[in-house]
Structures are given as structure tokens and as C-alpha cells.
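Hi,

Here is the structure I promised to pass on.

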Protein chains: 2
Amino acid sequence: MKCRACRSKAIIDIPRHNAAFCGTCFDAYLIEQVRKSIEEYQMFSQEDRVLLAVSGGKDSLALWDILERLGYRTIGYHLDLGIDEYSVESTEKTVRFARERNLTLHVEEIAREAGGSVVDISKVTRRPPCSACGVSKRHLFNRAAKTYGCTVLATGHNLDDEASRLLGNILHWQDGYLEKQNPSLPEDEGLIRKVKPLNRLTEKEMATYSFMKGIDYVIRECPMSFDAKQLFYKKVMNEIEKESPGTKQAFYFGFLQRRERFYPETGDKSPPPYICQVCEEPSYSEICSFCRLRLKVTAPPGDESLSRPRTTS
Amino acid sequence: MKCRACRSKAIIDIPRHNAAFCGTCFDAYLIEQVRKSIEEYQMFSQEDRVLLAVSGGKDSLALWDILERLGYRTIGYHLDLGIDEYSVESTEKTVRFARERNLTLHVEEIAREAGGSVVDISKVTRRPPCSACGVSKRHLFNRAAKTYGCTVLATGHNLDDEASRLLGNILHWQDGYLEKQNPSLPEDEGLIRKVKPLNRLTEKEMATYSFMKGIDYVIRECPMSFDAKQLFYKKVMNEIEKESPGTKQAFYFGFLQRRERFYPETGDKSPPPYICQVCEEPSYSEICSFCRLRLKVTAPPGDESLSRPRTTS
């Protein structure tokens, strides 16, 4: 197997591009893919301050490394989810990564901010852990971006993440999610711009990059997500990709090309009608989802007053 | 397991409807589903003469049985594909089905109409057998409908067929096919109206109905389709359905609800610009795909003049 670019010995094959690369040319390819996404979707410029959500996994750490190489101004933000050893290891690896490279990192604990770990929240709210985690991350990432003066929030979602999420959303025609499935979601009523610069790169490519760069990341999956639908759709997408290489990319980018046709920006989107009474952020109810969750987790035992969203007259 | 309708012992469970039925209530359910499709998509009325494409498999034979029970005027049409024992058995079972019930059936042989069996055509045209078969069926079904004075062509495609075809089309964003994926395709420039009255019913339900009614059908799959993509997408859809019952139906009907939004009828469709010089049907080239195929199959050895579609100036 020879490198498509320089004909030396290849270290990775990329069937969907019908290509293989040596280490040096793979590095150039990968950087180019990230650069292309940032430009094409106008994710951010050298003037922006980018808050990077860093979990301690390969994607977000590698993205941090890449954005630094490309000369962007980044601030790392790590949320400690309080999921036993998994979170201990995730936080440790993230902190070490930042320290060794002299990067700015802020760490917050979900237990401190939401009143309990993801496990606690899930128990009290009787919602799946991934749901509790999602609500908390959305709120806290956004808050952190504002707190640290950032203009954009970047996450390490890769092509596999995006294609499998798209599959799940399309199979059930989740119009709301499909409308928002965009590698660059513009700023919107108190919510900061959100971008996914790794959307052209697969799991395998990100793992290879991390290995090549000696990035020490958390390998195991989050123990809470063992039954998550997302993992199932990933498995299905991998089967399809194996049968027909290139499908992941064609499916995801084909959707992005048609997204505005299918889900046109009508311009009549009404802003969230409330300001949360607790955190004072724009909200779709009197108290926002995160504050409701937090109040519920921290409520004295037996207090059921926040067990359901309040209805408004 | 009890029948949802009458509480007697159930013989089939239908997880996507969270239901189970006894034989009698299942029969009523199934007939109702077909009736609903015919009405909702205005497929045909009691006045129409329906040409039914009958392969000898469970779906088309059961559909014939159902349409007769519902009092529609049907004419059966069977195309003998010349695929060894498989076609011999298919033709035999179709002929016997019609004879036992005193139904009108016309049988044609692809070898006679196209100049060779599906295997021959595939060899000469160097196209996959399913492609040769598709081109021939489209042409001959349409011709037969006109010949026998029918106003509509019905096929036995079921929910599994439609959902897996949709999956394949969406994964590769085949806009042309997606636009046409409709259980009722209106008459269009020489092409007769085409309908799929079984689009609400699964493989399993059709097999159960056929078994209950003592319909003797060809069980094995077409030996030419063993590597067909369609079977792969069926396998994938079945995996997804098992993980999350109801997905097939939600996916397919969700698409139908959005079809016109995604692929609006613009009204600016131009009719086929040619009349085929051979068969005199509307065509997108001087000689239509079927006649090209036939001329190629019947050409003397060494004659390459029809190996490529002619280009028009």
C-alpha cells in the first residue's frame, strides 16, 4: 500500500477517498480537511476566541492540537461529569494535555453546577443519563463561552458521529433536529455559535492522528452510554460503510447540500419567550431546563414541586 | 398472547402497532390496510381495469386474492424471466393460482419479447441482471396494460420493500428515485398509472396471509438477486426494526408525508423528447432503453453498433 501523494509506504488507507497516505501526507490531508470545514462553513476566524469543549477523548484533544497548530485562539473547557473512574481519568488526561502544552483550560464539575453527578441527575429526574448530560452540557458550555469572552463554541464531533446521528434523525424524521444538524449553527438568542470542525474526518482518522501525535486520551466509551441509540446507529452505519465505502460521507454531505431546501430558514422563528427566573438566560419556559433539573436534584427529599415543567397560562 | 380485537388466542403479533390478532381479526386488519392505501392514495376505483403484475411470489398472489375479494376488476400479467427452475416454478404456480380461481391471466416470456432470458440479456449488455430485468419489466408491464385496456398497473411491493428501497435511496440521496417513490405514481406521457396497494403491510404479514389462505407461492428468492443491494438494505432495516419496532413504518410514512415538501411537483417536467423509432412509445432517446437492449441481444455476433446509447445532436 503506497501513499497516494508521495508513493512512500502508506500507514493508513481511506477507502471512501480511494486513497492511502504515509504519516507526513496523512497529517497534511487531515489538517487540510479541518481547514476546509472551517472555511466552507465560516466557522471562525483568527480574530475569534474559540471555546473548545474538551472531554478527554481522542476527538476533542486532537481538535485542540490542530486548532493550535492552525494558529487559532482557543480556550479549553472540560466538564467533569462525576461518572466514577471514567470521569477521574477524563479530567486527569485533559488537565495533563493542557499543562504539557501550556494551554488555557477551565474545569467545572457537574456535581457543583447541577447539584449532582450525571448518575444522580438521571436517578432524580428519571431521565436517561445521556439526556441529563445533554441538558447540562448545552447550558454550561454556553455559559462558559460567555464567561470567558468567547464568540464561538467548538466540539469534536467527527463524521461518524454526524452520519450516525443523521441516520437516527432521518429514520424517525426528527424535523427539529434535522433542521439544526449543521456543522455551523449560527448564534441565536443567547445561544452562542456552535461549530464542528472535524465533520469531514472519521473515528479511525482521528484515532490515527492522536496516535501519531502521542496524544494520551481516554479510550473507553462513557460507561453510561452502553445502551445509547447513538452507538447502535454507529454500528449500523459502519456495516453500511463496509458494504459500500463512501456512503457515510455521501449521506452526510448530501444531506447538508439539501438541508436548506428541505428545511428552509423561514425567518419567522420566534425567540424563546421567557428569561429564566433563575439563571436569566433566554428560555422556553419560566425556568429553563437546566435550572429545573438543578432545582429538582437539590430539592429536599419529598419535594415534588419541580417534577414536571410548569405550565404557563 | 391475545387478539387485540376479540381477546381470543392470537396467531400473529404486530409489534409496530403494539397489537396481536387471531386469524379472523388479522384478516380483517389486513384487508382494511389495503383498502386504506387504495383510498388514501386514490389508486383506483371499481370502474378501473387493474393490470396486476404477478410474479408467483407471496405478495403479488396475495394481492390478487385481496383485490378479487374487494371486488376490483383485475387482469393478471406474468412475465416468465427464463431463469431456469426458478422461473419454471414461478410460472407454474401463477398459472395454477389463476386457473383454480378462474381469473384472467396473460403470460409473456422475456426470451420471446426481449430476445433472451434475463441471464442472456445481462451477459450481452454487461449490466447486472436486476437492471436488465427492471428495464424489461417497466416496458412490458406498461405495454401489457395498454394492450389489455387497463387504466392502472398494480404491483405487490410491501412495506419492507418500500422502506429498504427508501433507505438505499436516502443514503445516497438519489433525488430522482426519491421524487418518484410514491405508492401511487400518476399516469405520465405514455406511462400508465402505477400503484402499490400493499405498502402498509410487511413481509411477515403477507406470508401469514398467504399461509392462512392456502396460497401456494414460490418461496425462494430470485437466484439472480443474491448480491443485490436491496437485500442488504432489507437486512439493515430488519436490524433497525428489531432494535426499535415501528421504525420501518415511521421512516417510510414520514417520508411520504414530507415527499412533496422535499420534492415539490414543479410542473415544468418536460415530456420524453422522442418517440422510439422501434416500438413507437415515448422515449428519452431515439430508440428506447428496452428496444436498445432487445436489438443488442438479438444483434448478430460482432455487431457493436448498439453497444452504447446513441448520442443526439
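**How the chains meet**

The contact takes 15 residues from chain B and 15 residues from chain A, where residues are in contact if their C-beta atoms, placed from the backbone, lie within 7 Å. Keep in mind that this is a predicted model, in which local features need pLDDT of at least 70 and side-chain atom pairs count only at pLDDT 80 or more, while totals for chains, interfaces and linings use all residues. Residues are numbered from 1 along each chain as its sequence is written, and chains are lettered from A and ligands numbered from 1 in the order in which they are written.

On the side of chain B that touches chain A, helix 7 (159-171), helix 10 (229-243) and helix 11 (247-262) each supply at least two residues; helix 11 of chain B gives the largest share, six residues. (Helices are DSSP runs of H or I, at least four residues; strands are runs of E, at least two; both are numbered from the N terminus.) That side of chain B divides into nine nonpolar, three polar and three charged residues. Here Ala, Val, Leu, Ile, Met, Phe, Trp, Tyr, Cys and Pro count as nonpolar, Asp, Glu, Lys and Arg as charged, and the others, Gly among them, as polar.

100% of the interface residues of chain B are also interface residues in chain A, so the copies meet through the same surface.

Chain B has an open sheet of six strands, in the order 5-4-3-6-8-7 and with mixed pairing; strands pair if DSSP finds at least two bridges between them. Strand 5 (105-109) and strand 7 (184-185) of chain B stand at the edges with a single partner strand each, so one side of each is left without a neighbour in the sheet. Strand 6 (residues 152-154) and strand 8 (residues 193-195) of chain B run parallel, joined by three bridges. In one of these pairings, B:Val152 has B:Arg193 in strand 8 of chain B as its bridge partner.

Cheers

Technical notes: Contact = placed C-beta atoms within 7 Å.
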